[in-house]
Structures are given as structure tokens and as C-alpha cells.
Amino acid sequence: MRYLLVLLVTLLFSAPALSGQCPALMKEVDSQMESADLDASTKAEVAKLRAKGESLHKEGKHRESERVLRQAIETIDAAVEQAAGT
């Protein structure tokens, strides 16, 4: 019984810690979208990924949310690198 209580308490306190990266990643996406000069299709793709990441975060699917938000950041980075190379 004691082990079950310890497990439940650990899970209770670890859930907010695991969700901590999602809001920071959303802010990073927002910041990069404002500062980067992106074409309309890239902006639309990044906005779609950001919205999906936020939705997953609200559903409690934090690992998936982080993956989608990191994909949005990578999309921005790739567009900026491509623009700088031309």
C-alpha cells in the first residue's frame, strides 16, 4: 500500500514537470515566426504545426506536442537557411 501511495504522489508531481517544455516551445515558435521572413506557404505550415502542438499539449500528450513543436522550429530554421543560401 505504501508503494502505491508513493507511486501516485510521484506521478502527481511529475506531470506538471513533463509538460513544462511545451509552453516554452510554443513561445519559441511564435518568436521565430515574428522575426523570420517566411513565405506564405511556410508560415501556413508552421502555424498549422504550432496549433497542432498546442492542441496536443492541452490534451496532455506532451511528448507528441514537443515533437510537433520542434518540427515547426526545424521548418522555420530550414526556410531561413534556404533564404540565406540564395
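The model is predicted, so local features need pLDDT of at least 70, side-chain atom pairs count only at pLDDT 80 or more, and totals for chains, interfaces and linings use all residues. Residues are numbered from 1 along each chain as its sequence is written, and side-chain values use heavy atoms, with hydrogens and water left out. The protein chain has four helices and zero strands. Helices (H or I, at least four residues) and strands (E, at least two) are DSSP runs, numbered from the N terminus.

**The chain as a whole**

- From the N terminus on, the order of elements is α-α-α-α.
- Buried residues make up 28% of the 86 residues in the protein chain. Buried means under 20% relative accessible area, exposed means over 50%, and partly exposed lies in between (1.4 Å probe, protein chains only).
- Take the contacts between residues at least 6 apart in sequence: 68% of them join residues at least 24 apart. Contact means heavy atoms within 4.5 Å.

**Helix 2 with helix 3**

- Helix 2 spans residues 21-35, and helix 3 spans residues 40-58. They pack at an angle of about 165°, with their axes 10 Å apart.
- That angle makes helix 2 roughly antiparallel to helix 3. Axes are lines fitted to C-alpha atoms, for helices over the stretch in contact, and angles run from 0 to 180 degrees between N-to-C directions. Angles under 35 degrees count as roughly parallel, over 145 as roughly antiparallel, 65 to 115 as roughly perpendicular and the rest as oblique.
- Helix 2 passes helix 3 in a left-handed crossing. A crossing is left-handed if the near helix is turned anticlockwise from the far one by less than a right angle, and right-handed if clockwise.
- On helix 2, the contact uses C22, P23, M26, V29, D30 and M33. On helix 3, K43, V46, A47, R50, E54 and H57 take part.
- By class, this contact of helix 2 with helix 3 has seven nonpolar, one polar and four charged residues. Ala, Val, Leu, Ile, Met, Phe, Trp, Tyr, Cys and Pro count as nonpolar, Asp, Glu, Lys and Arg as charged, and the others, Gly among them, as polar.

**Helix 2 with helix 4**

- These two helices pack at an angle of about 20°, with their axes 9 Å apart.
- Helix 2 and helix 4 are therefore roughly parallel to each other.
- Their crossing is left-handed.
- Residues of helix 2 in this contact include L25, M26, V29 and M33. Helix 4 contributes residues including L69, A72, I73 and I76.
- The contact of helix 2 with helix 4 has nine nonpolar, four polar and four charged residues.

**Helix 3 with helix 4**

- Here the angle is about 165°, and the axes are 8 Å apart.
- So helix 3 is roughly antiparallel to helix 4.
- Helix 3 passes helix 4 in a left-handed crossing.

**The nonpolar core**

- In soluble globular proteins, nonpolar side chains tend to be buried together.
- The largest nonpolar core holds 14 residues. A nonpolar core is a set of buried Ala, Val, Leu, Ile, Met, Phe, Trp, Tyr and Cys residues joined through side-chain atoms within 4.5 Å.
- V29, V46, L69, A72 and I76 touch the most other members of this core.
- Helix 2, helix 3 and helix 4 (62-85) each give two or more residues to the core. The largest share, five residues, comes from helix 4.
- Leaving out residues up to four places away in sequence, I76 touches V29, Q32, M33, A36, L38 and V46.

- G53 is found in helix 3. It is buried, with a relative accessible area of 0%.
- G53 touches S65, V68 and L69, not counting residues up to four places away in sequence. The C-alpha atoms of G53 and L69 are separated by 5.5 Å, although the two residues are 16 residues apart along the chain.
- H57 also lies in helix 3. At 19% relative accessibility, H57 counts as buried.
- H57 and G20 are 37 residues apart along the chain, and their C-alpha atoms are separated by 9.9 Å.
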